[in-house]
Amino acid sequence: MKIAVLRERVEGESRVAATPETVAKLIGLGAEVSVETGAGDLSRISDAQFQDAGASIGASAPTTLKGADIVLCVRRPAASGLAGVNKGALLIGALDPYGNEKDVAALAGAGVAAVSMEFMPRITRAQVMDILSSQANLAGYQAVIEAAAVFDRAMPMMMTAAGTVRPAKAFVMGAGVAGLQAIATAKRLGAVVSATDVRPAAKEQVESLGGKFIAVEDDEFKQAETAGGYAKQMSAEYQAKQAELTAQHIAKQDIVITTALIPGRPAPRLITREMVESMAAGSVIVDLAAERGGNVELTQPGRIVDHNGVKIIGFTNVQGRIPTTASQLYARNLLAFIETLIDKKEKKLAINWDDELVKATVLTRDGAVVHPNFQAAAAPEATKPIAEPKDKPAAPVRTIAAKPVPAKTGATGKPATRTTARKPATKATEVAAMADTPKKAAPGVEQSIPAAAELPKSPAKRASAKKAAAVIDAAVAARKPTAKKAAAPKPATQITATAKAAPKKPAARKPAAPKGE
């Protein structure tokens, strides 16, 4: 069992997917570990340190990957760069699949089983494997450090002989993992901290860290958390109310940190240009959602923007700005997951594809994209064949067309009661006509009804049908005075039914038509 650790090639990525600590533990599980040269340089981990832990150093990516059963990475590598790995090798990392479906499909084509660690379920067993939490925690910490670095004043309150320095006011938008760490860090640095979040549970957490909670606490707010613990996308009405409240609050703040980021979606807009312009010169905003478009209208990913003296920091890899610590936590997350895939007695891979952790995170396997979130596009095609339902209504239609023929055997006068007793024929007519057709399917079904009626195309049948229609019309006209004499309208209906039944007797010629067929 060979595990390969690649050097990251995405610009600005300074982390590495393994450390000397995790390499030693992987070797203890029976793995041979190969690390590409220079993989840990930006995280202050040298090749020599990896070698001391027992890893071999690959001179290039192809050398490192040759014969690998598991490939560890931080960012998704190009499918073309995975040549040389064993068929079905695991690719484990933060693969960022949303919006990159073509790249995911390319990984499937490369024959690797791609595992996206962002999809790790939020359950107790998987906490130690949760890369989103470990990295967001560091991002929240670093956001405050970045803000303090460009803030023109001291953060804590200072009482000196020369006078008192008021503390900075920090406002954190989003009290998830990153936000809570930002609150705690800003509090440690002496700021007066307030925070907001759409999840009701966050209120208690914010207050437990010494922050003041700011939010519109209506009914929607009380149901604003998913089963997985993420914030839901809020309605436009709620966002408008929240924006009004936060606009007033932001105008008084020195530092604002936004953390609202929903996996796989554009970042929600929380701060408008007008809000930025309401802040005093020298204020700082740190946008942790810059990589998804930003929570701030003026954010420019990867840059610090100065707008009317307000600095807006839009770094896209904030946790990567403390790469040594970030790599340590990330590598431990991967190690914890790999341990579940290895038989410790046999010291070999023993993947349980039905394990809930594996099922939740595997994107591709056996040359296909298998994650349900990325198979949705193919689902409508599977439901396309509605051909059978179109044919099925045709059978009842024929039955209905045939049933009026037995009705012609009714006698005059009293047998009309029998006709009423045989009203299944009438019911069938009602059902067949158009009751099911509009519900069940396409306009094509409606067209199939006349098609069934056109079956008797022989001249003899058409002639007999015309004669029957003429006789019925004449009988109805002849009976109409009797219908008027009848007091109730119901007898009129019965008489009509009798009239219809009586003239149908001469149409006894019609049985001759089936013989002709």
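**Figure 1. Contact between helices α5 and α6 in the predicted model.** On the α5 side, the residues in contact are Ser-133, Ala-136, Asn-137, Gly-140, Tyr-141, Val-144 and Ile-145. They meet Val-177, Ala-178, Gln-181, Ala-182, Thr-185 and Ala-186 of α6. Sorted by class, this contact comprises 8 nonpolar and 5 polar residues, with no charged residues. Helix α6 spans residues 177-188, and its axis comes within 7 Å of the axis of α5. The two axes cross at roughly 35°, and the crossing is right-handed.

**Figure 2. Contact between helices α5 and α11.** Helix α5 covers residues 131-150 and helix α11 covers residues 323-339. Their axes come within 9 Å and cross at roughly 170°. The pair is therefore roughly antiparallel, an angle over 145° being the criterion for that term. The crossing of α5 and α11 is right-handed. Helix α5 contributes Ile-131, Ser-134, Gln-135 and Leu-138 to the contact, and α11 contributes Thr-325, Ala-326, Leu-329, Tyr-330 and Asn-333. By class, 5 of these residues are nonpolar and 4 are polar, and none is charged.

**Figure 3. Contact between helices α1 and α11.** Helix α1, residues 20-28, packs on α11 at an angle of about 15°, and the axes are 9 Å apart. Because angles under 35° count as roughly parallel, α1 and α11 are described as roughly parallel to each other. The crossing of this pair is left-handed. From α1, the contact uses Glu-21, Thr-22, Lys-25 and Leu-26. From α11, the contact uses Ala-331, Arg-332, Leu-335 and Ile-338. The class counts for the contact of α1 with α11 are 4 nonpolar, 1 polar and 3 charged residues.

**Figure 4. The largest cavity and the residues that line it.** A search of the whole structure for cavities of 30 Å³ or more returns 1. The volume of the largest cavity is about 30 Å³. Its lining consists of Leu-90, Val-115, Phe-337, Leu-341, Ile-351, Trp-353, Val-358 and Val-362. The lining residues divide into 8 nonpolar, no polar and no charged.

Note on methods:
Residues are numbered from 1 along each chain as its sequence is written. This is a predicted model: local features need pLDDT of at least 70, side-chain atom pairs count only at pLDDT 80 or more; totals for chains, interfaces and linings use all residues. Side-chain values use heavy atoms; hydrogens and water are left out. On a 1 Å grid over the protein atoms alone, a cavity is a set of points where a 1.4 Å probe fits but cannot get out, and a pocket is an open set with protein on both sides within 12 Å along at least five of seven lines; lining residues have an atom within 4 Å of a point. Grid points are joined across faces, edges and corners, and a volume is the space filled by probe spheres set on the points. Ala, Val, Leu, Ile, Met, Phe, Trp, Tyr, Cys and Pro count as nonpolar, Asp, Glu, Lys and Arg as charged, and the others, Gly among them, as polar. Axes are lines fitted to C-alpha atoms, for helices over the stretch in contact, and angles run from 0 to 180 degrees between N-to-C directions. Helices (H or I, at least four residues) and strands (E, at least two) are DSSP runs, numbered from the N terminus. Angles under 35 degrees count as roughly parallel, over 145 as roughly antiparallel, 65 to 115 as roughly perpendicular and the rest as oblique. A crossing is left-handed if the near helix is turned anticlockwise from the far one by less than a right angle, and right-handed if clockwise. Contact means heavy atoms within 4.5 Å.
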